[in-house]
Amino acid sequence: MQRVTCGERPDWREQAEKVGFVFHTIDDAPYWDETAYYAFALEEIERDLEAPTAALDGMCRELVARALADERIMRRLAIPVEYWNWIAASWKRGDPSLYGRFDLRYDGQGPAKLLEYNADTPTAVFETAVFQWLWLEQAIERGIVPKSADQYNSLHECLIDGWRTIGRGRRLHLAGAIDNPEDRGTLAYLEDCARQAGLDTRVLAMADIGRMPDGRFVDVGNAPIELMFKLYPWEWMVREPFGASLPGAPTQFVEPPWKTILANKGILPLLWDMFPRHPNLLPAYFDDDAAAATLGASYAKKPLYSREGANVELVVSGATIDADGGPYGAEGYVRQAIAPLPQFSGNYTVLGAWFAAGKPCGLGVREDMSPITKNSSRFLPHAIIG
């Protein structure tokens, strides 16, 4: 694994906007960055990233089954009790998941370590599946990478396969914060994948979801919402005015209700308890657990429901070296052993390993000058060379 400086395409912004990647720049700073790329050996991908991603998914599914059989775990995760039976029913039915992203600490040496699991509403999907693949094709043409270069990236195909299996030809509604450029772009891409899978689709804002007296959710035209993808976290969904109506509605949701368990930083100490000293896990404990003291004065403190680094605090030798603000924390915290992100050319680097349609299928690389990865952290392409 190495960071390789390279020249950017002079027209990449025009290309990005042509294919719908309009959020390539955030607050006048680059989000997409192709002034460098990350080169991997095939063995690093297959042994250190792909195989651990499959193992982590299996461990997470084992954790869901254990949590649903133990109300102490459900309480630890701060999941409202009125939704427990609904979540359990979703798991017992085998409601399918479309995708998720494991964020990993990896520098090319030793096992990758799980930092967190974006199990419910992961973004960075279009730039992973489409735009970095376009970069690779043109990088080969321009001689930036060898003609034999490849990319760990079948995410696009897996998303289409996943929609084909989940949708079964039904109409799909996709809902989210469509006034947000990134969310709107992500929804548009996932809608395109669903259409390629043969589904009839509709995109709508969360505020446009209606509810009929019989409990059915409908869109603005009163068409029933039978199948819905929501780019909107479950912990927000249950707090919406329609939240109390979710368990009684006949709508099938993607991601399914059982993902509520995994979209929670509380899985980090739970996984460590279930699989102690697993090579792909870091020691982690709930903040109020006496065992958290074993981490000493250096740890990452994370809220149960944190997104894009919000309210995360990095503590080294008792001093906070980095922290990000946000609305989270009242639900509780976990402490995770410090695993300093590797630095390449002064940038802190984290890897996002994708799991879709039941298999590991892609990689996204993010960089930041800060050790906490945020929404604005840059996305760089990668290539498999050798």
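I take contact to mean heavy atoms within 4.5 Å. The model I am reading is predicted.

**Entry: the sheet**

I looked up the strand order first. I found an open sheet of five strands, ordered S13-S17-S14-S15-S16, with antiparallel pairing. I then checked the edges. Strand S13 (284-286) and strand S16 (319-323) each have a single partner strand, so one side of each has no neighbour in the sheet. Neighbouring strands here are turned by 25 degrees against each other on average, direction ignored.

**Entry: S15 and S16**

How many bridges join strand S15 to S16? I found four, with S15 covering residues 313-316 and the two strands running antiparallel. I picked out Val315 and looked for its bridge partner in S16. That partner is Thr320.

**Entry: the helix across the sheet**

I turned to helix H10, residues 267-274. I see H10 lying across S13, strand S14 (299-303) and strand S17 (333-336). Against S13, helix H10 runs at about 120 degrees.

**Entry: Ala337**

I moved on to the loop between S17 and strand S18 (343-344), where Ala337 is found. Is Ala337 buried or exposed? I read a relative accessibility of 14% for Ala337. Buried means under 20%, so Ala337 counts as buried.

I next asked which residues Ala337 is in contact with, leaving aside neighbours within four places in sequence. I noted Leu282, Pro283 and Leu295. Last, I checked Ala337 against Ala300. The two are 37 residues apart in sequence. In space, their C-alpha atoms are 6.3 Å apart.

Technical notes:
Residues are numbered from 1 along each chain as its sequence is written. This is a predicted model: local features need pLDDT of at least 70, side-chain atom pairs count only at pLDDT 80 or more; totals for chains, interfaces and linings use all residues. Side-chain values use heavy atoms; hydrogens and water are left out. Two strands pair if DSSP finds at least two bridges between them. Axes are lines fitted to C-alpha atoms, for helices over the stretch in contact, and angles run from 0 to 180 degrees between N-to-C directions. Buried means under 20% relative accessible area, exposed over 50%, partly exposed in between (1.4 Å probe, protein chains only).
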